[in-house]
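Student: I have a model open and would like to go through it with you. Could you take my questions one at a time?

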Amino acid sequence: MGAGWIQGVVNYARKLKSVVITCEQAKEAKERSRIPYLVLHRCWLKDQPVVGYVVLVLFIAVWFYILGNVASECFCASLEGISDIFRIPPTLSGVTLLPFGNGAPDLFSSLASFAYEPSVGLNSVLGGGLFVTTVVVGVVSIVGVGERNVQKHCFVRDVLFYLLAVLSMMAMYLFPRATVWHASYLLLLYGMYGVSVWWIEKRVQVHQFGEENPSTPLLEGTREREIEMGEVDQAHHEGLSRLPQWEASRLAQHSVFAHTKPKPRPLWDQSSSERMCTPICTTCLWYLGEAINLPQKLTIPPVSETTWSKNFASVSIVGSALSLTWIWGNPSSDVLGFPLWMLVLGIGILGCLLSLVFTTTAPPRQDSARLFWILLAFMMSIAWIDLAAGELVSAMVALARLLAVSPGILGGTLLAWGNSIGDLISNSTIAKSPSTGGIQMAISGCYAGPLFNLLVGIGLSMFLTCLRQYPHHMILPIDGRLVWIGLFISVGLISSLVITLNDKFRITKQLGIFLLLLYGTFMIRQFLIASSE
């Protein structure tokens, strides 16, 4: 094994040295991103290659942060508002709004990657699923406290559905020509999962409470956000205890930090930074986070009662109008003899003035007024996530070309880790908190999230791609790594099911250690294969 590692490092060093991308080749690459990453590295910083790599990695880190921050702070808040206004039943929101909000980064990364590099999206979703079902489940099994038994029907349902989804994806590689029917099958399979969740959880709820409450909003007490923090936490945990287990796990993932983080949230938590940095360093990090968050504040209206600001909401009308024109339109196009950006700017300024006149400093209470701001925040959150996902995939592809590795490898490792690190933090935090259901809730979220990303993320991306290429078929990228990732996921799922059945549905630390060793074996194989290519 040691000789293999050394030989692998030597082979990779030789391959990296042989890679030569000139400035002219970088310009001819015609990157689809708004930032020319290859040109930045090979032309603008060609005399400082180390600086070029650092800048590229920083871009990837910033896009990762924007992607996750917008999804958690803005997108999920708008979904909560929509559920509250329309009084969507918890079971329905549990299989629609909640996974859509939690899986937004993975979903939009998949959509973007299918337009740029399909292998990146496929490796990212499957690699993220492997990371969550091995590393995250392993960590949860080791650090979890309190009750270690899981509900039999929930655990078996989630594991079997995810195993079926992975095997279905692997079967498609036997016939690499994907059609609309293949994509529809993936979406239909998630619909069947949603129906099974609704049916099982309805029976459990009726058995526990005698009747279900169809008018309960997604987050109980969203209009009482101004009460004391202790009362919020108590009401929050009581609300979770009355929700179906799968939905409560997804809701708790989003809410674990929502009641503990100060608003507005900087790039790094200032209290933890003070223990590692000098006051000057801490101040610099805080201002850096605020600088990154500023464009979002100027374009996405705050819809939560704790973050509401009349001034920012009014300014966001102008910012959102210009941003939507730049992200999804062509600002230089002519409309009625005027540049589009000029007309949009005029309409935005008019809307801003009307908002300053008729909007109060207190958060809006009427559903009609709330709905306007919530829909605007919803639309701008999607625009920001779409922009960040596209730029992130483009930066990853550029980095892969510069490092002489397959884009699929970075998609299955770096991009998968970035999109899954939130699951690791939130699920491990839930597992250590007996008041929120402990291990049961964390384990449920570990399988429901990757299942949504695979069936809806890949299914929707494949469906839209097939429609664009109709009547031609979509050719799936031939990548043996995808099959190996699927095999490792299958081994992990089957092993988890067998070990848990043998332990009478008790999550043990031995299971966690086995899953972590399984993922370590996968990473060793990935490195050896990448170095030998």
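Predicted model: local features only at pLDDT ≥ 70, side-chain atom pairs only at ≥ 80, totals over all residues.

Student: How many helices and strands does the protein have?

Tutor: The secondary structure consists of 21 helices and four strands.

Student: And what share of the residues counts as buried?

Tutor: The protein has 533 residues, of which 51% count as buried.

Student: What about contacts in the protein between residues 24 or more positions apart?

Tutor: Among contacts with a separation of 6 or more, 81% are between residues 24 or more positions apart.

Student: On to helix packing. How does one describe two packed helices?

Tutor: One gives the angle between the two axes and the distance between those axes.

Student: Then at what angle do α4 and α17 cross?

Tutor: Helix α4 covers residues 49–86 and helix α17 covers residues 367–402; their axes cross at roughly 155° and come within 8 Å. Angles over 145 degrees count as roughly antiparallel, so α4 is roughly antiparallel to α17.

Student: Is that crossing left-handed or right-handed, and what kinds of residues form the contact?

Tutor: The crossing of α4 and α17 is left-handed. The contact of α4 with α17 involves 31 nonpolar residues, together with three polar and four charged ones.

Student: How do α15 and α16 pack?

Tutor: Helix α15 (residues 310–328) packs against helix α16 (residues 340–358) at an angle of about 165°, and the axes are 9 Å apart. That angle makes α15 roughly antiparallel to α16. Here α15 passes α16 in a right-handed crossing.

Student: Which residues meet there?

Tutor: On the α15 side they include Lys-310, Ser-314, Ile-317, Val-318 and Leu-322. On the α16 side they include Trp-341, Val-344, Gly-348, Cys-352 and Leu-356. The residues of this contact of α15 with α16 divide into twelve nonpolar, six polar and one charged.

Student: What follows α15? I was looking at Ser-332; where does it lie?

Tutor: Ser-332 lies in the loop between α15 and β2, the latter being residues 334–335. With a relative accessible area of 55%, Ser-332 is exposed. Its C-alpha atom is separated by 9.1 Å from that of Met-342, ten residues apart along the chain.

Student: Changing topic: is Thr-179 buried or exposed?

Tutor: Thr-179 has 17% relative accessibility, so it counts as buried. Thr-179 lies in the loop between β1 (177–178) and α10 (180–209).

Student: What does the side chain of Thr-179 make a polar contact with?

Tutor: The partner is the side chain of His-182, at 2.8 Å. Leaving out residues up to four places away in sequence, Thr-179 touches Cys-466 and His-473.

Student: Two more. Where does Asp-158 lie, and how accessible is it?

Tutor: Asp-158 lies in helix α9, residues 152–172. At 2% relative accessibility, Asp-158 counts as buried. Asp-158 and Leu-493 are 335 residues apart along the chain, and their C-alpha atoms are separated by 9.9 Å.

Student: And Ser-496: which residues is it in contact with?

Tutor: Setting aside neighbours within four places in sequence, Ser-496 is in contact with Phe-155, Tyr-447, Leu-511 and Leu-515. Ser-496 lies in helix α20, residues 480–502. Its relative accessibility is 1%, and therefore Ser-496 counts as buried.

Definitions and conventions
Residues numbered from 1 in each chain as written. Heavy atoms only, no water. Axes fitted to C-alpha atoms, helices over the stretch in contact; angles between N-to-C directions. Helix = DSSP H or I, 4+ residues; strand = E, 2+ residues; numbered from the N terminus. Parallel < 35°, antiparallel > 145°, perpendicular 65-115°, else oblique. Left-handed = near helix turned anticlockwise from the far one by under 90°. Nonpolar A, V, L, I, M, F, W, Y, C, P; charged D, E, K, R; others polar. Buried < 20%, exposed > 50% of the residue type's maximum accessible area, 1.4 Å probe, protein only. Polar contact = N/O pair within 3.5 Å; in protein donor to acceptor, adjacent residues only side chain to side chain. Contact = heavy atoms within 4.5 Å.
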